[in-house]
Amino acid sequence: MIRLFAFRDNSCDPRKCTVKRMEKWGQVKVVDTLTRIPRSSLILDPTAERALSPADRGVPSITALDCSWEVLDSVTVRRWPTRRALPYLVAANPVNFGRPLRLTSVEAFAAALVILGEDEQAREVLSKFNWGMHFLELNADPLAEYAAAKDSTEVVAIQALYMGE
Ligand SMILES: C[S@@+](CC[C@H](N)C(=O)[O-])C[C@H]1O[C@@H](n2cnc3c(N)ncnc32)[C@H](O)[C@@H]1O
């Protein structure tokens, strides 16, 4: 099991927020300042240069950033020791259904967990959303390939095949 953290600055609607629902089920620790996130945590950041891959297995925790773009672009985030972007995947949530890369926090957590070999935990977090399992079905093929890749370079090569489709 990998510990999950989320930084939330309340810039998005709490009624629609996937992290809030995860918090209710005790699946994630939500913090309101980045200083409360352990420095060893891997931050999921779509703007990071390196893609998440099985080479990152062994990280003690993962953090999603539920916040405005200004925070994502802050010095604290840009200088964070480990930041990773997720490779090409398609959203299953009702707001961005079928759109690539625009994942909700729970989808981002689930994808990261699968790539890091924690499939059961991925299913557990998605199980609280009625569209949740659909995310794994929609992305079954790329997720299986990413999870079997050696490193970030291989993940990026696999992603290129899916993006070209
Ligand atoms: C911008 S927030 C939006 C959250 C949304 N309002 C919700 O209720 O879940 C989504 C977070 O998930 C993670 N995420 C989403 N797509 C990602 C990607 N392609 N690569 C890395 N992280 C991603 C990031 O931590 C990102 O900040």
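1. Helices here are DSSP runs of H or I with at least four residues, numbered from the N terminus. In this predicted model, helix α4 is followed by Gly 117, and the phi of Gly 117 is positive, near 85°.

2. The sheet is open and has five strands in the order β2-β1-β4-β3-β5, with parallel pairing. Its edges are formed by β2 (29–31) and β5 (83–84), each of which pairs on one side only. Strands of a sheet pair through backbone hydrogen bonds, either parallel or antiparallel. Between β1 (residues 3–8) and β4 (residues 61–66), the parallel pairing extends over six bridges. Within this arrangement, Phe 5 has Thr 63 of β4 as its bridge partner.

3. Helix α4 comprises residues 105–115 and lies across β1, β3 (42–44) and β4. Relative to β4, the helix runs at about 155°.

4. The largest nonpolar core has 41 residues. Those with the most contacts inside this core are Leu 86, Ala 108, Phe 109, Ala 110, Ala 111 and Ala 112. At least two core residues come from each of β1, α1, β3, β4, α4, α5 (119–126), α7 (140–148) and α8 (152–163). Helix α4 gives the most, with nine residues. In soluble globular proteins, nonpolar side chains tend to be buried together.

5. Leaving aside residues up to four places away in sequence, Phe 109 touches Leu 4, Ile 62, Ala 64 and Val 125.

6. What surrounds the ligand? The shell has 19 residues, of which the closest are Thr 18, Leu 44, Leu 86, Thr 104 and Ala 108. By class, 13 of the shell residues are nonpolar, three are polar and three are charged. Helix α1 (18–24), strand β4 and helix α4 each supply at least two residues of the shell.

7. Is Ala 144 buried or exposed? Ala 144 is located in helix α7. Ala 144 counts as exposed because it has 10 C-beta neighbours inside 10 Å. Its C-alpha atom is separated by 12 Å from that of Leu 113, a residue 31 places apart along the chain.

Technical notes: Residues are numbered from 1 along each chain as its sequence is written. This is a predicted model: local features need pLDDT of at least 70, side-chain atom pairs count only at pLDDT 80 or more; totals for chains, interfaces and linings use all residues. Two strands pair if DSSP finds at least two bridges between them. Two residues are in contact if their C-beta atoms, placed from the backbone, lie within 7 Å. Axes are lines fitted to C-alpha atoms, for helices over the stretch in contact, and angles run from 0 to 180 degrees between N-to-C directions. A residue is near a molecule or strand if its C-beta atom, placed from the backbone, lies within 6 Å of it. Ala, Val, Leu, Ile, Met, Phe, Trp, Tyr, Cys and Pro count as nonpolar, Asp, Glu, Lys and Arg as charged, and the others, Gly among them, as polar. A nonpolar core is a set of buried Ala, Val, Leu, Ile, Met, Phe, Trp, Tyr and Cys residues joined through C-beta atoms within 7 Å. A residue is buried if 20 or more other C-beta atoms lie within 10 Å of its own, exposed if 12 or fewer, and partly exposed in between; C-beta atoms are placed from the backbone.
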